[in-house]
2 protein chains.
Amino acid sequence: MERRATIKDVAEAAGVGVATVSRVLSGGSASPQTRERVLAVAAQLDYRPSALGRNLRQRRTGGMGLLVPDLTDTFYAQLAEGVLACARSAGEPVVLGSTAGDPEQEAELIGMLLEQSVDRLIAVPSGEEDTWAPAIRAGMTVVFADRLPARPSPEEEDPAAATVSDLMLLDGIAAPPPAPLPAPGRSSEPPSLPSVLADDRAGIRTAVRYLRGLGHKRIAFLGGPGHDRRVSAFREAVGSPVDEELVVFGTGSRDSAYAAASGLFQSRPDLSAVVAGGNVLGEAAVLAARELDLRVPRDVSLVMYDDVPWAELCSPPLTVIAQPGRDMGYRAAELVLRSAGRRARSIVLPTELIVRGSCGPRR
Amino acid sequence: MERRATIKDVAEAAGVGVATVSRVLSGGSASPQTRERVLAVAAQLDYRPSALGRNLRQRRTGGMGLLVPDLTDTFYAQLAEGVLACARSAGEPVVLGSTAGDPEQEAELIGMLLEQSVDRLIAVPSGEEDTWAPAIRAGMTVVFADRLPARPSPEEEDPAAATVSDLMLLDGIAAPPPAPLPAPGRSSEPPSLPSVLADDRAGIRTAVRYLRGLGHKRIAFLGGPGHDRRVSAFREAVGSPVDEELVVFGTGSRDSAYAAASGLFQSRPDLSAVVAGGNVLGEAAVLAARELDLRVPRDVSLVMYDDVPWAELCSPPLTVIAQPGRDMGYRAAELVLRSAGRRARSIVLPTELIVRGSCGPRR
DNA sequence: CCCGAAACGGACATCGGTGTCAAGGGTTAC
DNA sequence: GTAACCCTTGACACCGATGTCCGTTTCGGG
């Protein structure tokens, strides 16, 4: 319960001024004997500089914030572990928040971080870009991981082409002729926000091709919030006449994922393969299939996005699109720490199709 | 990028002193018109008090620290979600650290938290009690979750009886006659540290009885670090002549868990049931069994500690001892927030045996 | 031997809040 | 009419660091 020693205590005990102590401890210049004496006294008093004083003086908190939708989603847990590993090796604290995929909670947490003067943030965003405007405006260095914030639904300009989101634009179906103008705008804009993403497009494409190679024609996509890039890649990969009934979404909870999967299987018994856009959705697909007495891979083939430890536990073990969750977190933390002040770069990491036993030839 | 408004800005704009602004915003007394004016100005300037200034003045950081061994262990993720939920509703930040079960990293993280003046901490401890002494001495309010720090191996007093750890003492085999003195000391000591624990003893006992009821005689325990209470409960439940070869440990990593499980199955093909002390160990047991062509539950029955979403995905779905991870985290956070200053209480939450399909009659 | 430059180190302001204290104004009681 | 009291309010010190500014010392060169 004893009071911690302050820089003043050290200064007095060493018979020097506080400024000298500060200089010595932060690597400034000082004569060898002074330095030595100060260090000795500091060690003897077990002095540790208070982050509070320093932070106030420098008007910023060290460390970084981390916002994820849900830690019980193993992928986000892996991501978080990566961030923590990097932060630990840098000796920096990490302030964690879980948003449950709710933009409102996300906004609250951003507010909390601003209040704490946390000026570096790694986030798996749930809200749209305007949720993030306050953070950016306040000068936070934000690195997005796993996905980017969605663009808000526009209010003016060609409402027909931009109704849903840019999904439709990237789709290449809804608006093929009127695309030339918006397209360059869109594609020149992505320079955009610093991020660490997996190469979703390639991952999905590989999976779809793999299923195609097994003879599957009716392939479904089971998506969740934030899977925009994956869906659009899926649409692109399956080609023009996308059967919209085969593209369904859950809201992020396990229950809704199960409902979506179960609904899909029941409404379209003719489908022969499913691509699950995330591990929670994959889990739901396995459960729903079992409940409906569909055997994997005999009755339905399944590819799941995310490699998680339990994918191997299933019978049969699940074929997955692995993305390097831990690496993504580590790299994001590096980015946010490195880019002291200015805008960070973006990184795309490769995915890998890991073939196990959940896909078979078309029945 | 604009500078945030400070309390001084608000004071000037409202034509009052800073003290008045502080009073108004922290619920102190002020005349209605003053209050109104200050609030209006604050809202208009979008003023948010800086946690930095406040923390420095009050010599403490708000919020709490959270230390867990590994977030990719779903149980700890659930625990963390509980803590985050409570903290979020209180508007408090959570500083997270992952220790990888390594006392050294744990000690480092404790140091980091002390530096940050975080004075409330929830921890799943890996180190022994002396790892925690600095934190306690510094006046931190610490609530342990899931387990308590192990007592350091004593250096004096009857070295024979206390060689390994208190495991051996509780064992009741290594030192049956010289036990009377240490025993009351042990059992009167637990008033000890504030904590939120699951009723491991009851959980394990129930599981062992259940397996016994199915006819199993050779039941093994697959443990990990921190499973002391579970092991001792296991020993107690199986009764006196404990077959020590049937009690094996991993070090916490997935690899070592797998090695332990595989070694167990290979060295003792006569065992007919396994109790896995945690979900990582359960996972390892399933994989090892499959690798050795042991079918569950025909060749070997399995009960796993921790209910995790993927337990239902296995074939057959795993029978588990469920402990309320999320609740434990939430309750721990409540405890640590409530007990502003003084010592917190302890809580024990019930476990539940959830019978699914991984246990069958003795082969 | 003296002068200038460079190295060193201490006093002090500062960051953004909170708590203390005393002054001032208004009301009530005697 | 005056004393006693309460309520409101602002000035100011303080928390523990950092950085600026300036005085002092030391050393080398002329």
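This is a guided tour of a predicted model, stop by stop.

**Stop 1: chain A as a whole**

Select chain A and colour it by secondary structure. Chain A has 14 helices and twelve strands. Of its 363 residues, 47% are buried. Now think about how the chain folds back on itself. Take contacts in chain A between residues at least 6 apart in sequence: 68% of them join residues at least 24 apart.

**Stop 2: strand 4 of chain A**

Select residues 141-145 of chain A, which form strand 4. How many of its five residues are buried? Five of the five are, and the strand is mostly covered. Show the side chains. A:Thr141, A:Val143 and A:Ala145 point one way. A:Val142 and A:Phe144 point the other way. In a regular strand the side chains alternate between the two faces of the sheet.

Look for A:Arg120, which stands opposite A:Thr141.

**Stop 3**

Next, select A:Ile122. Which residues does A:Ile122 touch, not counting those up to four places away in sequence? They are A:Met64, A:Leu66, A:Val83, A:Val143, A:Ala145, A:Ala332, A:Ala333 and A:Val336.

A:Ile122 also belongs to the largest nonpolar core, which has 183 residues. Those with the most contacts inside this core include A:Val83, A:Ile122 and A:Ala285, along with B:Val83, B:Ile122 and B:Ala285. In soluble globular proteins, nonpolar side chains tend to be buried together.

**Stop 4: where chain A meets chain B**

Show both chains. Here 43 residues of chain A are in contact with 43 residues of chain B. On the chain A side, select helix 4, helix 5 (74-90), strand 2 (94-98), helix 6 (103-115) and helix 13 (279-291): each supplies at least two residues. Helix 5 gives the most, with seven residues. By class, this side of chain A has 20 nonpolar, 15 polar and eight charged residues.

Three bridges join strand 2 of chain A to strand 2 of chain B, and they run antiparallel. A:Val95 stands opposite B:Val95.

**Stop 5: DNA strand D**

Select DNA strand D. It is surrounded by 27 residues. The closest are A:Ile7, A:Gly53, B:Gly17, B:Ala19 and B:Thr20. Helix 2 (18-25) and helix 4 (51-58) of chain A each give two or more residues to this surface, as do helix 2 (18-25) and helix 4 (51-58) of chain B. Which helix gives the most? Helix 4 of chain A does, with six residues. The surface has twelve nonpolar, eleven polar and four charged residues.

**Stop 6: a sheet in chain B**

Find the open sheet of six strands in chain B, with the order 7-6-8-9-10-12 and mixed pairing. Strand 7 (247-249) and strand 12 (352-354) are its edges, each pairing on one side only. From one strand to the next, the twist averages 20°.

Select strand 8 (residues 273-276) and strand 9 (residues 301-305) of chain B; four bridges join these parallel strands. B:Val275 has B:Val303 as its bridge partner.

**Stop 7: B:Thr141**

Finish at B:Thr141, in strand 4 of chain B. Is B:Thr141 buried or exposed? B:Thr141 counts as buried because 22 other C-beta atoms lie within 10 Å, and the cut-off is 20 or more. Its contacts include B:Asp119, B:Arg120 and B:Val336.

Technical notes. Residues are numbered from 1 along each chain as its sequence is written. Chains are lettered from A and ligands numbered from 1 in the order in which they are written. This is a predicted model: local features need pLDDT of at least 70, side-chain atom pairs count only at pLDDT 80 or more; totals for chains, interfaces and linings use all residues. A nonpolar core is a set of buried Ala, Val, Leu, Ile, Met, Phe, Trp, Tyr and Cys residues joined through C-beta atoms within 7 Å. A residue is buried if 20 or more other C-beta atoms lie within 10 Å of its own, exposed if 12 or fewer, and partly exposed in between; C-beta atoms are placed from the backbone. Two residues are in contact if their C-beta atoms, placed from the backbone, lie within 7 Å. Two strands pair if DSSP finds at least two bridges between them. Axes are lines fitted to C-alpha atoms, for helices over the stretch in contact, and angles run from 0 to 180 degrees between N-to-C directions. A residue is near a molecule or strand if its C-beta atom, placed from the backbone, lies within 6 Å of it. Ala, Val, Leu, Ile, Met, Phe, Trp, Tyr, Cys and Pro count as nonpolar, Asp, Glu, Lys and Arg as charged, and the others, Gly among them, as polar.
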